[in-house]
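Please keep the sequence and the model at hand while reading the points.

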Amino acid sequence: MKKTLALALVVLMMFGVLAGCQPSTPAPSSPSPDAPPVQSDEPAPPPVDTNEPVELVVVTTYGGDDGNRQNYEAAYQAYEVATGNKVLDASDTSNEVFKAKVLTDFETGSEPDVLFYFSGVDSNPFVEAGKVVSIDEIRAEYPEYASNMKDSMLANSPADGKKYSVPVNGYWEGMFTNVKVLEAAGVAIPGADYTWDQFLADCQKIKDAGFTPVGVSLQEVPHYWFEFTIFNHGNVDNHLDMPENGTDAVAQKWAEGLADIKELYDLGYLPVNTLTATDGDTVQLVGDGEAAFLIDGSWKIGWFEQNCADHLEDFIVTYVPSKGGDRKASDVVSGLSSGYFITRKAWDDPAKRDAAVKFVMAMTTDDVVSAFGATSVTALKNGTTPPADASSLTLSALEMLKGTTGAVAAVQDNIPPEIRGVMFNDLKNVITGSKTAATLIDETLAAMNNQ
């Protein structure tokens with residue numbers, strides 16, 4: 001019932017927003033100067049969209065089991081109802097294969113009309129190729145484009161410093177925790193001062209009680225642990241520093257972080273099939289009460305709300321443990337890393353330009369952004385509006401966010417996607433001891449320098 005009401009509200013909201021964007025009907029011919037003015041109590045006719053319906057090819061990361069898949073479908077379907085246009089959705093789950101396909105589509109001239117994608121170095125190839133349109137260029141014709149957003153929070157492209165993407169919501173990363181598992185193992189709920197030593201002791205208790213301490217697939221998603229274990233050996237100010245070689249101070253910080261992941265693996269705190277399991281498999285362990293901890297992003301709230309609705313109170317979001325460095329446990333990884341791009345292909349097509357602009361505007365209203373995640377980082381001038389019936393998990397995330405003491409973006413986003421994919425795939429060899437962290441870092445830097 002809640003999903004039906006939510007869809008209805010989004011549809012009504014879309015009608016209101018999009019009606020204001022429709023072109024007006026042509027004004028009647030001016031009367032003769034000698035004719036008396038025409039008085040009428042009849043209301044003016046509503047604006048009528050005289051454009052023919054068009055089909056927009058749209059690619060986003062809201063595919064597969066993404067927690068916001070249903071919100072995305074509701075929003076674009078409301079756009080279709082309001083405009084008569086058709087969205088040809090080709091969304092998929094975000095991973096390195098997906099990213100590679102997007103870049104290949106741009107290289108071969110098969111890019112979509114609108115793309116929801118990463119706004120950092122991942123987008124450099126099609127920005128440098130002139131395949132997407134800047135917000136400034138769009139605003140020259142549509143001044144209201146992204147006008148509900150704080151310009152200072154819209155991402156500057158690393159390629160040329162211009163703004164191209166309009167975000168829906170950003171991300172934070174935290175530790176989803178199954179409190180029922182903790183209770184069964186006699187472990188206290190972690191707080192804002194949670195340390196690595198406490199975490200290791202808790203993991204041992206959880207393991208002894210017959211549970212898996214950490215749900216993670218090092219085969220598919222090692223990047224959350226990569227990010228935080230490196231962060232643990234630095235701080236907010238230096239987390240985004242990149243190593244220059246495999247043995248400098250930054251590389252040493254990275255190596256120490258990878259050693260911490262290896263320690264979890266060697267102690268048996270990760271799933272027995274962590275090197276081969278899918279992300280879906282290991283997340284399900286936490287959802288089913290077989291594992292305790294999961295580092296993931298704000299979007300994962302939707303997954304728990306949809307897949308664990310009958311026992312959602314079993315889960316909270318808390319902080320990732322800190323380890324001896326300057327990072328506090330309450331310092332988080334967060335940012336606005338993705339947004340809607342309008343491609344040059346759609347912009348240069350008179351039949352699609354207007355439809356593409358209105359699509360992005362419809363998908364980035366205050367109400368839609370709030371529906372996608374009231375707990376998310378956003379660029380909205382007015383901020384998000386949490387739903388009156390916010391779930392217990394959402395409330396715990398809001399409580400966690402209130403207590404954050406610092407935030408920094410993900411350092412992995414400084415590595416080009418194709419090289420990052422190779423590095424993360426090779427991470428398993430460091431964890432199992434068949435390759436040193438220094439060698440992995442040197443190989444990654446060499447690949448970046450040879451681009």
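The numbered points below go from the model as a whole to single residues.

1. Basis of the note. The model is predicted; local features need pLDDT of at least 70, side-chain atom pairs count only at pLDDT 80 or more, and totals for chains, interfaces and linings use all residues. Residues are numbered from 1 along each chain as its sequence is written, and side-chain values use heavy atoms, with hydrogens and water left out.

2. Confidence. The average pLDDT (the predictor's confidence in each residue, from 0 to 100) is 87 for the protein, and 88% of the residues score at least 70. Over residues 1-50, however, the pLDDT is below 50, and this stretch has 38 contacts in the model beyond near neighbours in sequence; a contact means heavy atoms within 4.5 Å. Where pLDDT is low, the predicted coordinates should not be read in detail.

3. Overall organisation. The protein has 17 helices and 10 strands; these are DSSP runs numbered from the N terminus, with helices being H or I of at least four residues and strands E of at least two. Of the 451 residues, 51% are buried. Buried means under 20% relative accessible area, exposed over 50%, and partly exposed in between, with a 1.4 Å probe and protein chains only. Among contacts between residues at least 6 apart in sequence, 78% join residues at least 24 apart.

4. Helix α8. How many residues of helix α8 (residues 223-231) are buried? The number is nine of nine, and the helix is mostly covered. Among the buried residues are His223, Trp225, Glu227 and Thr229.

5. Aromatic pairs. The structure holds 25 aromatic pairs. Rings of Phe, Tyr and Trp (its six-membered ring) pair if their centres lie within 6.5 Å; planes under 30 degrees apart count as stacked, over 60 as edge-to-face and the rest as tilted. Phe106 and Phe126 form a stacked pair, with 4.3 Å between centres and 20 degrees between planes. Phe106 belongs to helix α3 (residues 96-107) and Phe126 to helix α4 (residues 124-128), so the pair ties together parts 20 residues apart in sequence. Phe106 is buried at 4% relative accessibility, and Phe126 is buried at 1%. Tyr117 and Phe118 make an edge-to-face pair, at 5.4 Å centre to centre and 65 degrees between the planes; Tyr117 and Phe118 are both buried.

6. Aromatic cluster. One aromatic cluster is formed by Tyr62, Tyr72, Tyr76, Tyr79, Phe116, Tyr340, Phe359 and Phe372.

7. Gly339. This residue, Gly339, sits in strand β9 (residues 338-342) and is buried, at 0% relative accessibility. Leaving aside residues up to four places away in sequence, Gly339 touches Leu115, Phe116, Tyr117, Ser165, Val166 and Pro167. Gly339 and Asn169 are 170 residues apart in sequence, yet their C-alpha atoms are 8.1 Å apart in space.

8. Ala146. Which residue other than glycine has a positive phi near 60 degrees? Ala146 has that value. Most residues other than glycine have a negative phi. Ala146 lies in the loop between α5 (135-141) and β4 (171-178) and is buried, with a relative accessible area of 5%.

9. The residues lining the second largest pocket comprise 11 nonpolar, six polar and two charged. Here Ala, Val, Leu, Ile, Met, Phe, Trp, Tyr, Cys and Pro count as nonpolar, Asp, Glu, Lys and Arg as charged, and the others, Gly among them, as polar.
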